[in-house]
Every structure is written in C-alpha cells, then in structure tokens.
Amino acid sequence: MKLYSISYDIDNNEQDFIVALKNLGDTCNYVKSGWFLRTNEDNDVIYKKLQPFFADGNGHLLVAKVNEGLMSGWLSSNTIDWLMKGTSDDN
C-alpha cells in the first residue's frame, strides 16, 4: 500500500470531506488539517475524489505521496504507532 499526506484548508463541508477521505483507505489525523492515508489508490484518483469539495474556491488541498524511509518529524505517539503498524510497499 502507498502512504499519502493530505493537507487542506476548507471553508465549508469539512465533515463531509473527512468522511470522503476516510472512505479512501486507512487514515490517521496527525495535525488539525493534516491526515495520513494508506491506500492502494494512485495520487490522481485520490485527488479526483477529494477535489470536488474545493471546486468553488472553498480552500486548498494538497495530496502528496510519502516515502516512509525519508520521513522526519515530531508527532504524537498515536501517529507513530499508526505509521509503524504498516509499511508501504511502493515508496
């Protein structure tokens, strides 16, 4: 599975956006407007499913594939545990 970082700033319908995000795979909310997503989907598929929430200029969205071997940071123990429970096959 691939690991993505989803960052956003949304003005409306945030709960609907989060439901759509969670439907894409295994998720972990690591900061207020940032999620990790582990899925078999490709970047463009993820973007196409989430982009409609931003179509009317309703904020900003970034979908970035993460290489777990090249990641550094200071995160909560829950997030570290989530990251450690699975490794990406396609970094």
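Visitor: Which residues of helix H1 are buried?

Guide: In helix H1 (residues 14-22), the buried residues are Phe17, Ile18, Ala20 and Leu21. Buried means under 20% relative accessible area, exposed over 50%, and partly exposed in between, with a 1.4 Å probe and protein chains only. Helices (H or I, at least four residues) and strands (E, at least two) are DSSP runs, numbered from the N terminus. The model is predicted: local features need pLDDT of at least 70 and side-chain atom pairs count only at pLDDT 80 or more, whereas totals for chains, interfaces and linings use all residues. Residues are numbered from 1 along each chain as its sequence is written, and side-chain values use heavy atoms, with hydrogens and water left out.

Visitor: What puts the buried residues Phe17, Ile18, Ala20 and Leu21 of H1 on the same side of the helix?

Guide: Phe17, Ile18, Ala20 and Leu21 are the buried residues of H1; they cover an arc of only 160° around the axis, and therefore lie on the same side of H1. The arc is that of the directions from the helix axis to the C-beta atoms. An α-helix has 3.6 residues a turn, so residues three or four places apart point the same way. The cover over the buried residues of H1 includes strands E1 (2-10), E2 (26-31) and E4 (59-65), together with E3 and helix H2 (43-50); contact means heavy atoms within 4.5 Å.

Visitor: The search of the whole structure finds five aromatic pairs. Why is the pair of Tyr8 and Phe17 called tilted?

Guide: Rings of Phe, Tyr and Trp (its six-membered ring) pair if their centres lie within 6.5 Å; planes under 30 degrees apart count as stacked, over 60 as edge-to-face and the rest as tilted. The centres of Tyr8 and Phe17 are 4.6 Å apart and their planes stand at 55°, so the pair is tilted.

Visitor: What makes Phe36 and Trp82 a stacked pair?

Guide: The rings of Phe36 and Trp82 are 6.2 Å apart, centre to centre, with 10° between the planes, and the pair is stacked. Phe36 lies in strand E3 (residues 34-39) and Trp82 in helix H3 (residues 77-84), 46 residues apart. Phe36 counts as buried because its relative accessibility is 4%, and Trp82 because its value is 7%.

Visitor: How do you know that the charged end of Arg38 sits over the ring of Trp82?

Guide: A charge sits over a ring if NZ of Lys or CZ of Arg is within 6 Å of the ring centre and within 35 degrees of the ring normal. The charged end of Arg38 is 4.3 Å from the centre of the Trp82 ring and sits over it.

Visitor: Why is the pair of Asp42 and Lys2 called a salt bridge?

Guide: A salt bridge is a side-chain nitrogen of Lys or Arg within 4 Å of a carboxyl oxygen of Asp or Glu. The closest N and O atoms of Asp42 and Lys2 are 2.3 Å apart, and the pair is a salt bridge. Asp42 is in the loop between E3 and H2 and Lys2 in strand E1, 40 residues apart. Asp42 counts as partly exposed because its relative accessibility is 39%, whereas Lys2, at 12%, counts as buried.
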